[in-house]
Structure formats: structure tokens, C-alpha cells
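I record here what I looked up in this structure, entry by entry. The model itself is shown first.

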Amino acid sequence: MKVYTKTGDRGTTSLIGGERVLKTDSRVEAYGTVDELASFVALLADHLRGDEGAAEYCGDLNRILSRLMTAEALLAVGEGAHDKVQPLDPACVEWLETRIDAMQEALPPIDKFTLPGGHAAVSLCHVCRTVCRRAERAALRADQEFGADASVLVWLNRLSDYFYLLGRTLSAYFRVEEVLWIP
């Protein structure tokens, strides 16, 4: 099978189920942004791979990558194909909440925003967080226009919180100063 099909040369693509839509369709924007997030998550994992102390977080990120593919598929469903992709299991959100709570419990409380930086992995956590927020906004726009699987919307909202706490956790792990925003 060839990688290129030429069917998109005029600005259209197919959703799951075969529906042809413009590449500017809000569903395409949503799953494309989730795909971008997956690339950054993989890059973050690559920055942590090989560090024994960060193995737990690499495991988290691999699990998240798999769920991101499911989220992409759920956002790429066209008309009449809603039964072709199973929703994210509610346990996915519960797992994220458990991971977030555990990281937050281990960190000193703060009452200011954290500035990105200090270590490449910490900065990548913030890139993942912000791309995740953009993906969530895109998914919400697609939901308003076409309807989207509710499990994806909840999971993306929780996932951005995970990346924020992972950034704080990695700042502590790599012993870099956590810089708080003080206006």
C-alpha cells in the first residue's frame, strides 16, 4: 500500500466510516492536535528513557500514548460510524486522577503559577500541557459542531493537569529550581 493516495490533494480527507470532509473540519483539527500532542509526549518520554529514577514516568507516558491514539480515533469518527470505536474506559480518568493526586501529595503546595524551564524534560511537560489544552479546545469545538465522545473531553481535561504536575515532579527529581510567577 502506498503512503500517498492523492485523494487529499484537493483539501479533503476521510473520517472513520468513510465520510469525506475538508481538512479544515473541526474534527480533523481536533484529532490532528491530539496527534501533535502524542509526538510531544513521545519526545518527553525519549528525554526520560534510560534514567532509572524516571522509569515510572516513562511507563505513564507510554500508557498515555496508547490512550491518545484512542482519543484521536474517537475524534475522527464520521457520520454513522460512532459504534466503530469504543469510548475511553472511565478507569483511564481515574488512573490519571490517582497519578495526579500522588504527585501533588509529594510536592510542597504553591499558590502561584509555575514558569516552564530548568530542564528539557520539565519544559517538555509544559509543551505537552499547553498542546493538550489546545487539543481540548479543538475537541470542544468539534463537540459543539458535530458531537464528540464525552470520555475524550474529560480525559483531555485531566491529562493537561497530569502534565502540569509531572513538570513540578520532574523539577524536584532533577533538582532544578521551580520558578514561580510573581507579577
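Predicted model: local features only at pLDDT ≥ 70, side-chain atom pairs only at ≥ 80, totals over all residues.

Entry 1, helix pair. I looked up helix α4 (residues 120–146) and helix α5 (residues 150–173), whose axes come within 8 Å and cross at roughly 170°. The two are therefore roughly antiparallel, a term for angles over 145 degrees. By class, I found 15 nonpolar, five polar and five charged residues in the contact of α4 with α5.

Residues are numbered from 1 along each chain as its sequence is written, and side-chain values use heavy atoms, with hydrogens and water left out.

I located Asp25 in the loop between β2 (20–22) and α1 (26–48). Asp25 counts as buried because its relative accessibility is 12%; buried means under 20% relative accessible area with a 1.4 Å probe, protein chains only. I also found that the Asp25 side chain reaches the backbone nitrogen of Arg27 at 2.8 Å.

I placed Met103 in helix α3 (residues 90–106). With 5% relative accessibility, Met103 counts as buried. From C-alpha to C-alpha, Met103 lies 15 Å from Ala55 in space, and the two are 48 residues apart in sequence.

For the lining of the largest pocket, I recorded seven nonpolar, two polar and two charged residues.

How values were computed: Helix = DSSP H or I, 4+ residues; strand = E, 2+ residues; numbered from the N terminus. Buried < 20%, exposed > 50% of the residue type's maximum accessible area, 1.4 Å probe, protein only. Polar contact = N/O pair within 3.5 Å; in protein donor to acceptor, adjacent residues only side chain to side chain. Axes fitted to C-alpha atoms, helices over the stretch in contact; angles between N-to-C directions. Parallel < 35°, antiparallel > 145°, perpendicular 65-115°, else oblique. Nonpolar A, V, L, I, M, F, W, Y, C, P; charged D, E, K, R; others polar.
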